[in-house]
Amino acid sequence: MPVSEGSALRALRVLEALGAPGGPHQLGRIAHEAGVPKPSTHRILQGLVDAGYAVAGGDGTYGPGPRAFALSALFGSGRHDEPVLRRLRDETGHTVHVALRSGSQAVYVQKLDSDRPYRMASRVGGRISLHCTAIGKAILAHLDPPRRAELLAGTGLPARTARTHTDPAALEADLARVRERGYAIDDEENEDTVRCVAAPLLDRAGAPAGGVSISALTFQTPAGELLTHVPVLLEAARLLAPAYT
């Protein structure tokens with residue numbers, strides 16, 4: 001006996017329409033492609049936005065959110081950004097991450113491990129703080145100051161390691177350096193023995209959607225050596241930005 005369409009199936013159809021090529025899409029287009037009435041589509045989209053599976057544009061459009069990208073990566077979607085990430089991993093010899101901002105945190109949506117003997121504990125779908133990670137600081141540095149202040153007031157600056165910035169003035173000085181040079185550094189600020197360098201993924205207006213990073217273990221890679229890879233990292237961020245903004 002056929003089973004009547006439930007709310008879960010309608011939500012999946014809206015999510016599929018949300019990720020159709022040519023996005024972000026207007027509400028009417030999503031409703032038409034999903035075959036779901038506009039009021040129901042709007043209600044589903046609001047739930048997807050709240051859960052991080054969709055993002056709402058200021059012009060009434062909707063696009064995939066960080067959790068949708070993470071889900072896609074978990075199912076091995078073969079996204080068209082993977083050649084860029086593989087090249088970045090292969091040219092640097094280090095683990096590569098992409099994370100997108102989701103509220104007051106960021107979510108890993110891509111990870112390519114290096115072929116070195118030690119593996120990072122990070123995983124696709126994992127959440128990271130903004131104030132103590134390279135990707136997080138690349139995001140924070142490019143947020144409007146009032147939005148950044150509001151966000152940090154809500155999260156505080158909890159210490160993850162002895163090197164974490166817990167003083168707002170020190171963090172702001174670090175973020176100013178990020179904006180000046182175009183990349184952020186996490187030198188054991190989030191996790192002992194791990195250092196990372198990251199570049200932001202910026203939209204056309206200069207707003208940060210997320211960031212891309214290369215990560216290394218401190219006992220394998222000196223800080224100066226990691227920084228030699230900044231040019232190829234910045235080029236990768238430029239190529240990746242359109243896929244995520």
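This is a predicted model: local features need pLDDT of at least 70, side-chain atom pairs count only at pLDDT 80 or more; totals for chains, interfaces and linings use all residues.
For the class counts used in these legends, Ala, Val, Leu, Ile, Met, Phe, Trp, Tyr, Cys and Pro are taken as nonpolar, Asp, Glu, Lys and Arg as charged, and the others, Gly among them, as polar.

Figure 1. The pocket has a volume of about 1,200 Å³, and among its 42 lining residues Val55, Gly63, Pro64, Phe69 and Tyr244 are the closest to its centre. At least two lining residues come from each of helix H1 (7–18), strand S2 (54–56), strand S3 (61–64), H4, S4, S9 and H10, and H4 provides the largest share, with 5 residues.

**Figure 2. Confidence along the protein chain, with helices H4 and H6 in view.** The mean pLDDT of the chain is 89, with 95% of its residues reaching 70 or more. Among the elements, the lowest mean pLDDT, 75, belongs to H4, whereas the highest, 98, belongs to helix H6 (residues 134–141). H4 is also the element that gives the largest share of the lining of the largest pocket.

**Figure 3. The largest nonpolar core and a second, separate one.** The largest nonpolar core holds 27 residues, and those with the most contacts inside it are Val98, Leu201, Val212 and Tyr244. Two or more residues of this core are given by each of helix H4 (66–74), helix H5 (82–92), strand S4 (95–102), strand S5 (105–112), strand S8 (194–202), strand S9 (208–217) and helix H10 (230–244), with the largest share, 7 residues, coming from H10.

Figure 4. Strand S6 (127–129), H6, S8 and S9 each contribute at least two lining residues, and the largest share, 3 residues, is that of S6. The lining of the second largest pocket divides by class into 8 nonpolar, 8 polar and 5 charged residues.

**Figure 5. The largest cavity and His94 in its lining.** One cavity of 30 Å³ or more is counted in the model, and the largest cavity has a volume of about 50 Å³. The residues that line it are Gly93, His94, Thr95, Ser114, Arg116, Tyr118, Met120, Ser215, Ala216, Leu217 and Gln220; by class they comprise 4 nonpolar, 6 polar and 1 charged, and S9 supplies the largest share, 3 residues. His94 is located in the loop between H5 and S4, and it counts as buried because its relative accessible area of 2% falls under the 20% cut-off. Leaving aside residues up to four places away in sequence, His94 touches Arg89, Leu112, Ser114, Arg116, Ile214, Ser215, Ala216, Thr221, Leu226 and His229.

**Figure 6. The loop between S7 and S8, with Glu188, Glu189 and Thr193.** Glu189 has its place in the loop that runs between strand S7 (184–187) and S8, and at 7% relative accessibility this residue counts as buried. Not counting residues up to four places away in sequence, Glu189 touches His131, Cys132, Lys137, Arg160, Thr161, Arg163, Thr164, His165 and Asp174. Glu188, which is found in the loop between S7 and S8, has a positive phi of about 60° although it is not a glycine, and with a relative accessible area of 15% Glu188 is buried. Thr193 lies in the loop between S7 and S8 and has a positive phi near 75°, again in a residue other than glycine; its relative accessible area of 33% makes Thr193 partly exposed. Most residues other than glycine have a negative phi.

Conventions
Residues are numbered from 1 along each chain as its sequence is written. Side-chain values use heavy atoms; hydrogens and water are left out. A nonpolar core is a set of buried Ala, Val, Leu, Ile, Met, Phe, Trp, Tyr and Cys residues joined through side-chain atoms within 4.5 Å. Buried means under 20% relative accessible area, exposed over 50%, partly exposed in between (1.4 Å probe, protein chains only). Helices (H or I, at least four residues) and strands (E, at least two) are DSSP runs, numbered from the N terminus. Contact means heavy atoms within 4.5 Å. pLDDT is the predictor's confidence in each residue, from 0 to 100. On a 1 Å grid over the protein atoms alone, a cavity is a set of points where a 1.4 Å probe fits but cannot get out, and a pocket is an open set with protein on both sides within 12 Å along at least five of seven lines; lining residues have an atom within 4 Å of a point. Grid points are joined across faces, edges and corners, and a volume is the space filled by probe spheres set on the points.
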